[in-house]
Amino acid sequence: MVNKKVKLAIVGVGNCASSLIQGLFYYKEKGEGSVNGLMHPDIGGYRPWDIEVVAAFDVDARKVGKDVAQAIFSPPNCTTVFYPQVPELGVEVMMGPVLDGVASHMAEYSPEESFVVADMEPVDVEEVLRETGAEVVVNYLPVGSEEAARFYAEAALKAGCAFVNCIPVFIASDEAWAKRFEEAGVP
């Protein structure tokens, strides 16, 4: 049994992040005996409740500055709420760079369905990753955020963090990126 937490930084506190975080606390409450729905409830001795969110980045004014536990239920998120009692995490969602993370066509939608970009300067992502001790960065940016995905991959690489890209931007399958992560000794 592993006695260490996996320190996770989340990029994009949207529907996928909401489902992930709700799931972490759902399975923590259910405990060892009930991990139904998970294909691999134990990976190398780590279980869902061994994941600790230490940093989060977003650009939406309704999320930035809030605790992650509140931000995951803020608009425009609309995923199913299956674990509404996520406790305060003590992790404030920080302003990330917008880059290409907000598609221009989103302006045609209502604020409840679109992004409301916060009027704030972005934080130094690499510095935050280092300060929080993040070990893994998971990218949940909107599809089409190629520049932003590469920005966060670069920050993860420089901070010595693993990078899990959950959008269709070629990073792991790009030879140059793969080589850089391999040389840095991080997945």
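Which residues do ring pairs link into a cluster? Tyr26, Tyr27 and Phe82 are the members. The legends below describe close-up views of a predicted model.

**View 1. Aromatic pairing at Tyr26 and Tyr27.** A search of the whole structure gives six aromatic pairs. One of them joins Tyr26 and Tyr27, edge-to-face. Their ring centres lie 5.0 Å apart, with 85° between the planes. Tyr26 is partly exposed, at 27% relative accessibility. Tyr27 is buried, at 11%.

**View 2. A stacked pair, Phe163 and Phe181.** The two rings are stacked, 6.4 Å centre to centre and with 25° between the planes. Phe163 belongs to strand E5 (residues 162-165) and Phe181 to helix H5, so the pair ties together parts 18 residues apart in sequence. Phe163 is buried, with a relative accessible area of 10%. Phe181 is buried too, at 7%.

**View 3. The ends of helix H5.** Helix H5 covers residues 175-184. At its start, a side-chain oxygen of Asp174 comes within 3.0 Å of the backbone nitrogen of Ala176. Just after H5, Gly185 has a positive phi of about 80°.

**View 4. Arginine over tryptophan.** Arg180 lies over the face of Trp177. The distance to the ring centre is 5.1 Å.

**View 5. Surroundings of Ser145.** Ser145 sits in the loop between strand E4 (136-139) and helix H4 (146-159). Its relative accessibility is 1%, so Ser145 counts as buried. A polar atom of the Ser145 side chain lies 2.7 Å from the backbone oxygen of Pro142. Beyond four places in sequence, Ser145 contacts Asp100, Gly101, Ile167 and Val169.

**View 6. Val35 in its loop.** Val35 is in the loop between helix H1 (15-30) and strand E2 (51-58). Val35 is buried, with a relative accessible area of 17%, which falls under the 20% limit. Leaving out residues up to four places away in sequence, Val35 touches Tyr27, Pro41 and Trp49.

View 7. Most residues other than glycine have a negative phi, and most peptide bonds are trans. The peptide bond from Pro75 to Pro76 is cis, with omega near 5°. Pro76 lies in the loop between helix H2 (68-71) and strand E3 (93-95). Leu99 is not a glycine, yet has a positive phi of about 45°. Leu99 lies in the loop between E3 and helix H3 (125-132). Leu99 is partly exposed, with a relative accessible area of 38%.

Definitions and conventions. Residues are numbered from 1 along each chain as its sequence is written. This is a predicted model: local features need pLDDT of at least 70, side-chain atom pairs count only at pLDDT 80 or more; totals for chains, interfaces and linings use all residues. Side-chain values use heavy atoms; hydrogens and water are left out. Helices (H or I, at least four residues) and strands (E, at least two) are DSSP runs, numbered from the N terminus. Buried means under 20% relative accessible area, exposed over 50%, partly exposed in between (1.4 Å probe, protein chains only). A polar contact is a pair of N or O atoms within 3.5 Å; within protein, one must be able to donate a hydrogen and the other to accept it, and residues adjacent in sequence count only if both atoms are side-chain atoms. Contact means heavy atoms within 4.5 Å. Rings of Phe, Tyr and Trp (its six-membered ring) pair if their centres lie within 6.5 Å; planes under 30 degrees apart count as stacked, over 60 as edge-to-face and the rest as tilted. A charge sits over a ring if NZ of Lys or CZ of Arg is within 6 Å of the ring centre and within 35 degrees of the ring normal.
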